[in-house]
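Hi,

Here is the structure I promised to pass on. Have a look at it first, and then read my notes below.

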Amino acid sequence: MKLSPREATGYFARPEPDRAGLLIYGNDAMRVALKRQQVIAALLGPNAEEEMRLTRLSAADLRSDPAALTDAVKARGFFPGPRVVFLDEATDALADRILGALADWQKGDAQIVLTARQLPPKSALRKAFEAHPDAYAIGIYDDPPGRPEIEAMLAEAGLGTVDRAAMGTLLDLATALDPGDFRQTVEKVVLYKLDDPAPLTPEDVAACAPRSTEAEADALIHAVAEAKTAEIGPLLRRLQAQGMAPVTLCIAATRHFRQLHAAAADPDGAASGINRLRPPVHFKARDRMVRQAQGWGMHRLEQALGLLLDTDLQLRSSQRAPQMALIERSLVKLAVLASRRP
């Protein structure tokens, strides 16, 4: 049977222990692995490894021993309780051996849990699991986790009280981080709120959000956009010491000012324009960028983009002027332009 993404969220939290098998497939290996870990933990409980109720097989194991999966499914352990045989990196090349084990499955056998990369609709594995009355097939897509999934993560980690604003912040954060980083952030949030009865707030989430490796570059560009001329030199020196290339800084500044220009040009206002940007602006920078777009205005932002374009051409040309000096001069010019009243 095939489960939709909404149905899958509930199933991963409360899987059915008497099913023959489960196929989880998708492009993002991290997302697939996280769902596999969740469902196996829900099926077997915390002591499955110690009680030898979880058997792990690889595709190489099955290629070298065609009966390995069937033997593991039929094996009986010393400890009572449900059992799972997990096969990683399943492919259609192994479909005959996998589907043979699925066909031989009987009540009391171990449940078969497979993970695979993205499978097309014509895939033999996918078609078999979708058509099987006692097995499930679940596709994991690249969409960020939605509200029900985040609520399930929080409840699983022991945090149930979240206000609307904090949930909005978590939803924004989910679009900005990869699945593994987001789950780690949720766990960090739960530890941060340990023994704190107050509801989770956006400030709590922001305190636990990971710092970007480009944080200082972002700080420099924000300083330029906000006419903080005195901060440009020290930030630029630190970035230079870290090996940041002048061309990279110019590209980042150009991207930022293009976003501001798109927001300032939006007929519904800068706030609406920022919200429409794709990829979305990080939630911690959203209000700041709205103020920048409003302060600059569309026409001055066009001047800024022209200056950055000229700088980019100079940096890529054969001229011999020091490149870091060129980008510093341009950023200072932008900060001065920002300080002028429109």
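Accessible areas here come from the Shrake-Rupley method with a 1.4 Å probe, and for residues only the protein chains shown count as cover. On that basis the protein has an accessible surface of about 17900 Å², and 53% of that surface belongs to carbon and sulfur atoms.

Some ground rules before the rest. This is a predicted model, in which local features need pLDDT of at least 70 and side-chain atom pairs count only at pLDDT 80 or more, while totals for chains, interfaces and linings use all residues. Residues are numbered from 1 along each chain as its sequence is written, and side-chain values use heavy atoms, with hydrogens and water left out.

On confidence: pLDDT is the predictor's own confidence in each residue, on a scale from 0 to 100. The mean for the protein is 85, and 96% of its residues reach 70 or more. Among the elements, strand 5 has the highest mean pLDDT (95), and helix 7 (residues 147-157) has the lowest (78).

Now the overall build. I get 17 helices and six strands in the protein, where helices (H or I, at least four residues) and strands (E, at least two) are DSSP runs numbered from the N terminus. The protein is more spread out than a compact globule, because its radius of gyration is 26 Å, well over the 20 Å that the globule rule gives for 342 residues. That radius is taken over C-alpha atoms, and the rule is 2.2 Å times the number of residues to the power 0.38. The C-alpha trace spans about 75 × 55 × 40 Å along its principal axes.

As for burial, 44% of the 342 residues count as buried; buried means under 20% relative accessible area, exposed over 50%, and partly exposed in between (1.4 Å probe, protein chains only). Contact means heavy atoms within 4.5 Å. Of the contacts between residues at least 6 apart in sequence, 75% join residues at least 24 apart.

Charges next: there are 43 positive and 44 negative side chains, and the centres of the two sets lie 6 Å apart. Lys and Arg count as positive and Asp and Glu as negative, with His and the chain ends not counted. Each charge is placed at NZ of Lys, CZ of Arg, CG of Asp or CD of Glu.

Phe129 sits in helix 6 and is buried, since its relative accessible area is 0%. Beyond residues up to four places away in sequence, Phe129 touches a list that includes Met1, Leu23, Ile98, Leu102, Leu114 and Tyr136. Leu23 is 106 residues away along the chain, yet the C-alpha atoms of Phe129 and Leu23 are separated by 6.9 Å.

Arg183, in helix 9, also counts as buried, with a relative accessible area of 16%. Leaving out residues up to four places away in sequence, Arg183 touches Leu34, Gln38, Met153 and Glu156. Arg183 and Met153 are 30 residues apart in sequence and 7.8 Å apart in space, C-alpha to C-alpha.

Gln118 is in the loop between strand 5 (111-116) and helix 6 (124-131), and at 32% relative accessibility it counts as partly exposed. Its contacts, neighbours within four places aside, are Tyr25, Gly26, Asn27 and Arg126.

Val332 belongs to helix 17 (residues 323-339) and is partly exposed, with a relative accessible area of 29%. Setting aside residues up to four places away in sequence, Val332 touches Thr229 and Ile232.

Finally, some backbone angles to check. Most residues other than glycine have a negative phi. Glu89, not a glycine, has a positive phi of about 55°. Glu89 lies in the loop between strand 4 (84-87) and helix 5 (95-104) and is partly exposed at 36% relative accessibility. Asp195 also has a positive phi, near 65°. Asp195 is in the loop between helix 9 (179-192) and helix 10 (202-208), and with a relative accessible area of 74% Asp195 is exposed.

Cheers
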